[in-house]
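I opened the notebook to record what I looked up in this structure. The entries follow the order in which I worked.

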Amino acid sequence: MSESEDMNFIYKNSKAPIEARVNDLLSRMTLKEKVGQIAQIERRVATPSALKDFGVGSVLNVGGSMPFENALSSDWADMVDGFQKLALESRLEIPIIYGTDAVHGNNGVYGTTIFPHNVGLGATRDADLAKRIGVATALEVRACGIQYVFAPCVAVCRDPRWGRCYESYSEDTDIVRKMTSIVTGLQGQPLEGHPKGYPFVAGRDKVIACAKHFVGDGGTDRGINEGNTISSFEELEKIHMAPYLDCISQGVSTIMVSYSSWNGRKLHSDHFLLTEVLKDKLGFKGFVISDWEGLDRLTQPHGSNYRYCISAAINAGIDMVMVAFRYEQFIEDLMFLVQSGEIPMARIDDAVERILRVKFVAGVFEHPFADRSLLDLVGCKLHRELAREAVRKSLVLLKNGRNPNKQLIPLDRNAKKVLVAGTHADNLGYQCGGWTIAWHGNGGRITIGTTMLDAIKEAVGDKTEVIYEKYPSPDTLASHDFSYAIVVVGESPYAEETGDNAELSIPFNGTEVISSVADRIPTLAILISGRALILEPRVLDKVDSLIAAWFPGTEAAGITDVIFGDYDFEGRLPVTWFRKVEQVPIHAGQNSSDPLFPLGFGLAFKKDKSSDCIPLKNKAGEFHVTGTNVERTHIAECPSSSSIKLASSHC
């Protein structure tokens, strides 16, 4: 199309009002072109025909799908730009938006900065930190030519058995609401007077964000992934919907629908929640996207009555569909449903208007290709220092010393000989958790980063001997010349239903590893996990110090920064820590009368130890927390219960 011809097309004019551009482009589109925009397909089926002839609106990669093994950001940019060139050869030259699961950094790409998972960030309570992580993530994503991230997850996790609990900032709605500041980091700060509910993206160094999963995914019965949230609307609104108001107020551009159900009604076909509440009541003007093959789950077997699935979801209010692979059938069936009147044309126009609005807001018509100048920022020192800061602020000290006068932390960095043990001490993949390179994550050196063992060797003095054994031998344990041991254990990576867990014990015989070492050597145990796990009393009694480190990501030096005393502990529990699995679900305000550690608990080694018993008041009246080394500021948000007792050996 020539420049003179472009002048006749309002949608080509970057200076025209966005709504005018949307309406002009919509008026020129055929039905096939409109339904094409509604389809989002997996990159492996993003053929020239799909992009030029069918005019699909978006391409994505499922977790673990990549151009080739260990593809760098520049390789991703080449791939995405290739897709974009094909899309721009379509009749109306409508660019695609490319989406990816950048949930803790641009985590699907080799060599990027991997930040702590959300549960760790929730332990920081630091909204500014979350925003800065959003800024860094956006830069590393845009370096790949990718404009759209399926983040943040703003679920309120009410049950640690849920396989996605580490994607939740907290069991507490207020903490989750606070951490939605990451939306502004990803998309930029909306200008004063920005219309309520209208999408916003500040420029080429920002991305389209996606609040997920609407709504109630963290409250399912028994913590079952894709399960059923049983609650009144008032409870759903107060606990699970509230964070979406904060995202919408920041101009979040898209919202993803949950696989789960509410009182037996699948969210993907819930017109009341998606249209009457989200769009009409809350005033959301961006687009609503399905989850991966979410429509297929509306029938059993999945996708067995595909036209019904499409009709139910589109009529409910879903605007873009993560079709994944069978896009030709999707487009054909959707066109039939419109032509037969089962789906009103007005519903299609509304969906496409919303998709085009986000594309215009994000500037992809003006700047469809990757900005290669951003490549130098991928995994850069500044971003890794930010991740390191996030790690050290996320650490929760659960115990330090067998008595208040003999703390183990800070550790002596000039000790003569130190034992490092455990399955997670030298395993970068385990340290990062799920949604890292692969969908469910993997073990080993899966990307560039620093393991705990690497960080310890870097932190100790030149004369300190560091002995590493994953499972220490009897001969090693019999040695009497270790100053102390650092044992790092925890969960293997998992994602979604692969992480659903009704037992919640420490895997890989972690309890026994800690116990065997702590029997002989003063021991700091570090737990790498996405949730609270069972901490047996015998282990708590034996171990000298204990840290919850969550899934910290690639920068383990953030842990050594704290354990060797360069920084103090700041993290506070974002969840209630249960004593035994029979107590779950346990969270502040419900069944929380006897937790092992309450929501908000966290010790520090530089603190006033003048009081071992701090009187607190809540709605239930006065109660006490007893024990040693309890810091006042860390206890301020203890849950409502009549009496919480922490044995001194647990502090």
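In what sense do strand 7 and strand 10 pair, and over how many bridges? I found that strand 7 and strand 10 pair in the parallel sense, over three bridges. I note at the outset that the model is a predicted one.

I checked the pairing of strand 5 with strand 7 (residues 254-257) and recorded three bridges in the parallel sense. Two facing positions were noted for this pair: alanine 211 stands opposite isoleucine 255 in strand 7, and phenylalanine 214 stands opposite valine 257. Towards strand 10, isoleucine 255 stands opposite valine 288.

Which residues of strand 7 point one way, and which the other? I noted Thr254 and Met256 on one side, with Ile255 and Val257 pointing the other way; all are buried.

I also looked for a helix lying across these strands.

**Entry: helix 5**

I tested the length of helix 5 (residues 73-87) against expectation. Its 15 residues, at 1.5 Å a residue, should span 21 Å, and the end C-alpha atoms are 21 Å apart, so the two values agree.

I listed the buried residues of helix 5, among them Trp76, Met79, Val80, Phe83 and Leu86. The list also includes Asp81 and Gln84. An α-helix has 3.6 residues a turn, so residues three or four places apart point the same way. The buried residues of helix 5 pack against helix 4 (48-53), strand 2 (58-60) and strand 3 (97-100).

**Entry: helix 2**

In helix 2 (residues 18-28) I recorded Arg21, Val22, Asp24, Leu25 and Leu26 as buried. Helix 3 (31-38) and helix 14 (345-362) are included in what covers these buried residues.

**Entry: aspartate 172**

Where does aspartate 172 sit? I located aspartate 172 in the loop between strand 4 (148-149) and helix 8 (173-179). Aspartate 172 counts as partly exposed because its relative accessibility is 22%, and buried would require under 20%.

Not counting residues up to four places away in sequence, aspartate 172 touches Val156 and Leu599. The C-alpha atoms of aspartate 172 and valine 156 are separated by 6.6 Å, with the two residues 16 residues apart along the chain.

**Entry: domains and annotations**

I consulted the domain assignment, which gives domain 1 (36-377) and domain 2 (395-583). Their centres, taken over C-alpha atoms, are separated by 34 Å. At the contact between them, I noted 39 residues of domain 1 and 37 residues of domain 2.

In the UniProt record, an unreviewed entry, the annotation "domain: Glycoside hydrolase family 3 N-terminal" covers residues 30-358. I found this span to be 40% helix and 11% strand, with its end C-alpha atoms 20 Å apart. The record also places "domain: Glycoside hydrolase family 3 C-terminal" at residues 395-603. Over residues 395-603, I recorded 19% helix and 15% strand, and a distance of 10 Å between the end C-alpha atoms.

Conventions:
Residues are numbered from 1 along each chain as its sequence is written. This is a predicted model: local features need pLDDT of at least 70, side-chain atom pairs count only at pLDDT 80 or more; totals for chains, interfaces and linings use all residues. Side-chain values use heavy atoms; hydrogens and water are left out. UniProt positions are given in the numbering used here, feature names are shortened, and annotations may be inferred rather than shown by experiment. Helices (H or I, at least four residues) and strands (E, at least two) are DSSP runs, numbered from the N terminus. Two strands pair if DSSP finds at least two bridges between them. The expected span of a helix is 1.5 Å times one less than its number of residues. Buried means under 20% relative accessible area, exposed over 50%, partly exposed in between (1.4 Å probe, protein chains only). Contact means heavy atoms within 4.5 Å. Domain bounds come from an automatic or database domain assignment.
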